[in-house]
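Hi everyone, thanks for coming. I'd like to walk you through a structure and talk about its sheets and one of its pockets. Have a look at it first.

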Amino acid sequence: PCDIDCMEPLHDDFLAVSISRKSNEEMPVPSSAVKLQMPVARGVYIVDTKNASMRAVLDGHRDRVTCICPLPDGRLLTAGGKFDATVQLWYSETLTKVTNSRDENDDEIMISSESKQMKKPGYVFDLKVLPDNNGSAVYAIAAARYNTINILI
């Protein structure tokens with residue numbers, strides 16, 4: 001059994017989902033639910049909602065992932081828990097490779113650790129995109145931790 005820590009839509013029926021493992025006791029699951037096997041509790045899972053399948057694991061954190069933030073340019077930011085205290089940047093090429101392979105008979109799950117660890121902000125509670133109000137492709141990231149908000153450009 002597990003809890004969903006965070007979940008963000010990507011594009012074309014794909015979700016990025018992070019979970020935390022709970023105790024080994026069985027929990028009731030609705031009969032309409034689709035069960036997916038999750039190999040590790042610290043990754044970000046790319047789930048194809050159209051085919052009800054897990055397509056990839058983004059494995060770059062040493063702790064559970066507490067925040068997922070899709071970026072306007074197709075990249076993805078993920079933030080780890082207190083024991084990890086990192087923000088990872090996942091390249092759009094990695095995500096495109098996963099979301100372009102939609103063969104229903106393909107049971108292969110891609111595991112990727114191809115991310116870049118950001119130098120700042122460390123442990124955060126949330127990440128949000130701050131778009132440019134003038135309509136350009138430039139954006140900043142707001143990172144919240146305790147009673148502080150850092151703006152990353």
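Let's start with the open sheet of five strands, whose order is β1-β2-β3-β4-β8, with mixed pairing. This is a predicted model, by the way, so please keep that in mind. Which strands stand at the edges here? They are β1, residues 2–9, and β8, residues 110–112; each has a single partner strand, so each is left with one side that has no neighbour in the sheet. From one strand to the next, the twist averages 30 degrees. If you zoom in on β4, residues 53–58, you'll see that it pairs with β8 in the parallel sense, over three bridges.

Among the residues to look at, R145 has T148 of β12 as its bridge partner.

Last stop, the second largest pocket, with a volume of about 220 Å³. Which strand gives the largest share of its lining? That is β11, residues 139–145, with three residues. The lining includes Y139, A140 and I141, along with R75, K119 and K120. By class, nine lining residues are nonpolar, three are charged and none is polar.

Key:
Residues are numbered from 1 along each chain as its sequence is written. This is a predicted model: local features need pLDDT of at least 70, side-chain atom pairs count only at pLDDT 80 or more; totals for chains, interfaces and linings use all residues. Side-chain values use heavy atoms; hydrogens and water are left out. On a 1 Å grid over the protein atoms alone, a cavity is a set of points where a 1.4 Å probe fits but cannot get out, and a pocket is an open set with protein on both sides within 12 Å along at least five of seven lines; lining residues have an atom within 4 Å of a point. Grid points are joined across faces, edges and corners, and a volume is the space filled by probe spheres set on the points. Helices (H or I, at least four residues) and strands (E, at least two) are DSSP runs, numbered from the N terminus. Ala, Val, Leu, Ile, Met, Phe, Trp, Tyr, Cys and Pro count as nonpolar, Asp, Glu, Lys and Arg as charged, and the others, Gly among them, as polar. Two strands pair if DSSP finds at least two bridges between them. Axes are lines fitted to C-alpha atoms, for helices over the stretch in contact, and angles run from 0 to 180 degrees between N-to-C directions.
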